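Have the model open while you read.

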Amino acid sequence: MSSLPEFAFATTADEVATALAAEIKGKNVLITGTSIGGIGFETARVLAKYASLVIITGHNAERLKLSEEAIKKETPTANIRTLLLDLSSLESIRTAAAELNDLEALHVLIHNAAAPIGPFKLTKDNLESQSATDHIGPFLLTRLLSPKLLSSSSASNKPRVVWVSSSAHASVPAFDVNQVVGVGKDAVTEGTYEPMKVYSNVKAANVLMAVEVSRRSGGRVNGYSLCPGMVYTNMHQKEESLATLQTLGILGADGKPSTEKFDFWKTIPQGAATTVVAAFDPRLNDQPGAYLSNAAIANDSRAAHSADAANAERLWTQTEEILGEKFAF
């Protein structure tokens with residue numbers, strides 16, 4: 001462990017995977033949101049060089065096939081399995097999880113997919129889109145796959161669940177659970193919807209879930225959350241996100257990354273590095289629930305509200321209520 005290099009801002013996912021190859025070998029990994037041009041694809045691409053199995057997911061079969069072909073072109077020996085999965089649909093999540101019944105064990109589950117930060121939109125389950133895709137869907141997927149995760153547990157392996165969050169989780173002064181899983185009069189509606197307010201609270205929920213999964217599993221599963229940094233990906237290119245991101249000064253008038261407010265943009269390989277660290281770095285074994293940034297532990301950058309046990313408890317319970325089912329390890 002002591003011989004591993006220190007990772008930093010400019011470290012790439014390839015560099016991390018190469019250094020952690022011994023940890024990745026023999027592992028089965030599932031990554032959500034793996035379209036070409038995104039952090040999830042880059043994560044899958046580098047892990048496929050060493051992992052026993054990489055399950056890539058997406059809600060578009062054509063794009064999913066393109067991702068598979070691109071990975072196999074670079075690494076012909078890669079064992080890639082595609083899984084159609086729409087995290088905004090509870091039915092799709094249940095169907096996808098059932099299709100993995102033949103999977104003996106899952107060592108790492110990476111929640112990378114996210115909904116566009118755009119206008120108010122309800123899913124077919126009548127849930128706000130960002131909350132459904134970024135929190136409620138991943139919560140259900142984790143619950144359904146928890147037996148597979150626990151099956152991978154051994155003296156030499158503790159399964160991990162990783163949430164790709166954002167430093168934006170700390171941009172709100174307090175965590176507002178109703179922005180994520182509010183119901184009835186407390187639910188976010190079209191009239192009360194503020195895209196970045198929901199986004200920040202959803203990303204705070206990701207950080208809380210990493211802490212709470214670690215606690216509720218009794219140490220049998222380690223959860224981690226992370227900020228990949230400012231990375232220009234396929235998500236920024238979606239038309240529904242453009243106006244919001246331009247208003248925030250993240251993108252310029254030309255739709256490209258703006259350096260007026262943000263001069264610390266990373267490449268996609270640099271952004272994906274922190275995901276690989278969270279998924280496999282053995283130095284995290286005794287740091288369950290840790291928050292990472294720049295490919296290293298950054299708990300000092302984690303907002304206090306996103307490490308608060310009461311917030312985690314409330315979020316977990318209200319998510320169970322929305323789904324109408326309990327989640328216990």
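Predicted model: local features only at pLDDT ≥ 70, side-chain atom pairs only at ≥ 80, totals over all residues.

Residues are numbered from 1 along each chain as its sequence is written, and side-chain values use heavy atoms, with hydrogens and water left out.

**Helices crossing α11**

- The axes of α6 and α11 (residues 309-323) cross at roughly 80° and come within 11 Å; axes are lines fitted to C-alpha atoms, for helices over the stretch in contact, and angles run from 0 to 180 degrees between N-to-C directions.
- That is why α6 and α11 are roughly perpendicular to each other.
- On the α6 side, the contact (heavy atoms within 4.5 Å) uses H135, I136, F139 and L140, and on the α11 side L315, W316, T319, E320, I322 and L323.
- Sorted by class, this α6 and α11 contact has seven nonpolar, two polar and one charged residues; Ala, Val, Leu, Ile, Met, Phe, Trp, Tyr, Cys and Pro count as nonpolar, Asp, Glu, Lys and Arg as charged, and the others, Gly among them, as polar.
- α8 also packs with α11, at an angle of about 90° and with the axes 9 Å apart, so α8 and α11 are roughly perpendicular to each other.
- Here A205, L208, M209, E212, V213, R215 and R216 of α8 meet N311, A312, E313, L315 and W316 of α11.
- The contact of α8 with α11 divides into seven nonpolar, one polar and four charged residues.

**α3 against α10**

- Helix α3 (residues 39-47) packs on helix α10 (residues 268-280) at about 60°, with axes 9 Å apart, which means α3 is oblique to α10.
- From α3 come I39, E42, T43, V46 and L47, and from α10 come I268, P269, G271, A272, T275, V276 and F280.
- Eight nonpolar, three polar and one charged residues make up the contact of α3 with α10.

- On a 1 Å grid over the protein atoms alone, a cavity is a set of points where a 1.4 Å probe fits but cannot get out, and a pocket is an open set with protein on both sides within 12 Å along at least five of seven lines; lining residues have an atom within 4 Å of a point.
- The largest cavity holds about 40 Å³ of space, and H111, A113, D134, P138, W163, V164, K203 and N206 line it.
- That cavity lining has four nonpolar, two polar and two charged residues.
- The second largest pocket holds about 220 Å³.
- Its lining has 14 residues, with E23, S156, N157, R160 and N285 nearest the centre of the second largest pocket.
- By class, the lining of the second largest pocket has six nonpolar, four polar and four charged residues.
- A volume is the space filled by probe spheres set on the points, with grid points joined across faces, edges and corners.

Conventions. Helix = DSSP H or I, 4+ residues; strand = E, 2+ residues; numbered from the N terminus. Parallel < 35°, antiparallel > 145°, perpendicular 65-115°, else oblique.
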